[in-house]
Every structure is written in C-alpha cells, then in structure tokens.
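Subject: Structure for you to look at

Hello,

Here is the structure I said I would pass on. Please open it and keep it beside you while you read.

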Amino acid sequence: MTEVRRETKETTIRVLMAPGAGTATVATGERFLDHMLVALARYAGIDLTVEATGDLRHHLIEDVAITMGAALHAMIPATAARYGERTVPMDDALVQVVVDLGGRPYYRGPLPSSLYDHWMRSFADHAKVTLHVRVLRGTDRHHIVEAAFKGLGFALRDALVETGAVFSTKGAVRLEES
C-alpha cells in the first residue's frame, strides 16, 4: 500500500493506492472528480482511497492529480509490462488512451475541459509517465472526460502487469535522488 500526502495553504490531500480489486473510497467534495476517480480505480484494478479538501476547485483537482501521480509512480513495479492502450466508447464519445510507464513524463491531449485536461497533465508529470489521450469523436464533454478516465484505467491495468522482465533496451534504470 502506497500512501502519499500533500499539504499546502490551499489543499490537504491524502491518497492510499495499491494493486487490488478496484475498490475506491473517494471524498473530495467535487462530485464529478469523485466519480472519475472511482471509475479510474475500478478499470485500473487499483484499490484507492482519496481524502481531499481545498479552497478552489482548480487547486483541488490539480493537487489530487499531483498526489495520485506520485502514488502511482511509487507503486510501479520495475518489471511492469510498461505499455497500455485502450479505446473506450461512451455514447457519442470515442476516446483512445495510451500510456508508457517508462519514467518519462509527457502528456498530449487535449480534453474538452480545461480542468480535466490539466488533471491528466499533472497526473502524467507526477507519475512520470507518458500519456496520450485522443478524442476520436464526441460532443458531450461529460462522456468524453469519463471515457478518458476509463481508458486511462484500462491502459494502466495492462501496463502495471508484473511480467518478471524489464521492458527496456537500457535494462533496469536506477535513479537516486537526495
């Protein structure tokens, strides 16, 4: 179980994350964010607890993404499958999500919601993952964003599989920070 806490003048965030059955308990006070995080956990097969409070909606959403990204980064196995891809339909929306857990942060979107596009970017930066989200179709922003979170969950489920092998021509990469 990985636990990450982030506290600023603006927010207080606590995230517990572990591989599991996809059960989630999320309380941010932002109902749509809660809905997206429960979906992400379910489709990723990650057990997730998020407790968060914040002064502004933007700060809350961004800081939850930062904290969840850090928690995911801490739980990526060295011998993870590394890559995942999923295309998810949701009514009018069709969204493709592709991830690489190889340690290089990059995000390419966009989503038709600046708050949730920023969530994806902040998550990718702090998880140190490459994340591409392509909106192939759709006009309903709710459906597009939800398909993106579900697609991210499915892609993470595939990428986090423990393989017993390192998927890099570099071999295992070791980086120490002090």
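The model is predicted, so local features need pLDDT of at least 70 and side-chain atom pairs count only at pLDDT 80 or more, while totals for chains, interfaces and linings use all residues. Residues are numbered from 1 along each chain as its sequence is written, and side-chain values use heavy atoms, with hydrogens and water left out.

Four strands form an open sheet in the order 1-2-4-3, with mixed pairing. (Strands are DSSP runs of E, at least two residues, and helices are runs of H or I, at least four, numbered from the N terminus; two strands pair if DSSP finds at least two bridges between them.) Strand 1 (2-7) and strand 3 (24-27) are the edges, each pairing on one side only. Strand 3 pairs with strand 4 (residues 46-54) in the parallel sense over four bridges, and Val-26 stands opposite Val-50 in strand 4.

Helix 1 lies across strand 3 and strand 4, at about 160° to strand 3. (Angles run from 0 to 180 degrees between N-to-C directions, and axes are lines fitted to C-alpha atoms, for helices over the stretch in contact.) Helix 2 (residues 57-75) touches strand 1, strand 2 (11-19) and strand 4, where touching means heavy atoms within 4.5 Å.

The axes of helix 1 (residues 31-44) and helix 4 (residues 141-159) come within 7 Å and cross at roughly 30°. The two helices are therefore roughly parallel (angles under 35 degrees). Their contact includes Phe-32 and Leu-40 of helix 1 and Phe-149 and Leu-156 of helix 4.

Regards

Key: Parallel < 35°, antiparallel > 145°, perpendicular 65-115°, else oblique.
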